Amino acid sequence: PMPTQVLADACLVVHALGQTSCHEFISTFCADHLEPYTQLFDPNNASSSSQIPASSSKPSFKMKHPSDLSSSIHGSTQTNINAVSASAPNNSNTAASNPNPASLDQVERRYSWYRRTLRDLDDKFNSVFPINWNLHYAITRA
């Protein structure tokens, strides 16, 4: 992965290119990081409650966190999506009783996923994005 200073400098270049470039970059970044949410919780997605494919053929802005790197060194790589699925509560009143991921039964699980994602983004991209981009707000609105 790229060092955070290189990513921060790249964000400043995007910022210098103008508002249109900033909005396009932020939209792409948000869509990339919210794709697992769509796969897990979209009622129109036929495989939302099944296992999610770990690989994608499109470019990605995701970067590995140092803790992710240490687990891949030991040969136990696992995608964030699978970790989310595995860490979801296994109560009989939640996913088992209502397989529809858009149901009210899933609100707590969806919110937990969202909070966890924001924390992960803070950890991975702490000093990368300019503050005035307001990335948390952009992800919430996406």
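1. Of the 142 residues in the chain, 29% count as buried (under 20% relative accessible area with a 1.4 Å probe, protein chains only). This is a predicted model, in which local features need pLDDT of at least 70 and side-chain atom pairs count only at pLDDT 80 or more, while totals for chains, interfaces and linings use all residues. Residues are numbered from 1 along each chain as its sequence is written, and side-chain values use heavy atoms, with hydrogens and water left out.

2. On the fold: the chain has 6 helices and 0 strands (DSSP runs, H or I of at least four residues for helices and E of at least two for strands, numbered from the N terminus).

3. Helix H2 deserves a look. It covers residues 19–41, and its 23 residues reach 31 Å from first C-alpha to last, close to the 33 Å expected at 1.5 Å a residue (1.5 Å times one less than the number of residues). At Leu-34, shortly before Pro-36, H2 has a kink of about 40° (the angle between axes fitted to the seven residues ending there and the seven starting there). Both Leu-34 and Pro-36 are among the buried residues of H2.

4. Now the core. The largest nonpolar core has 21 residues (buried Ala, Val, Leu, Ile, Met, Phe, Trp, Tyr and Cys joined through side-chain atoms within 4.5 Å). H2 gives the most to this core, with 8 residues.

5. Phe-129 is one of the residues with the most contacts inside that core. Leaving aside neighbours within four places in sequence, Phe-129 is in contact (heavy atoms within 4.5 Å) with Cys-11, Phe-25, Phe-29 and Leu-135.

Technical notes. Buried means under 20% relative accessible area, exposed over 50%, partly exposed in between (1.4 Å probe, protein chains only).
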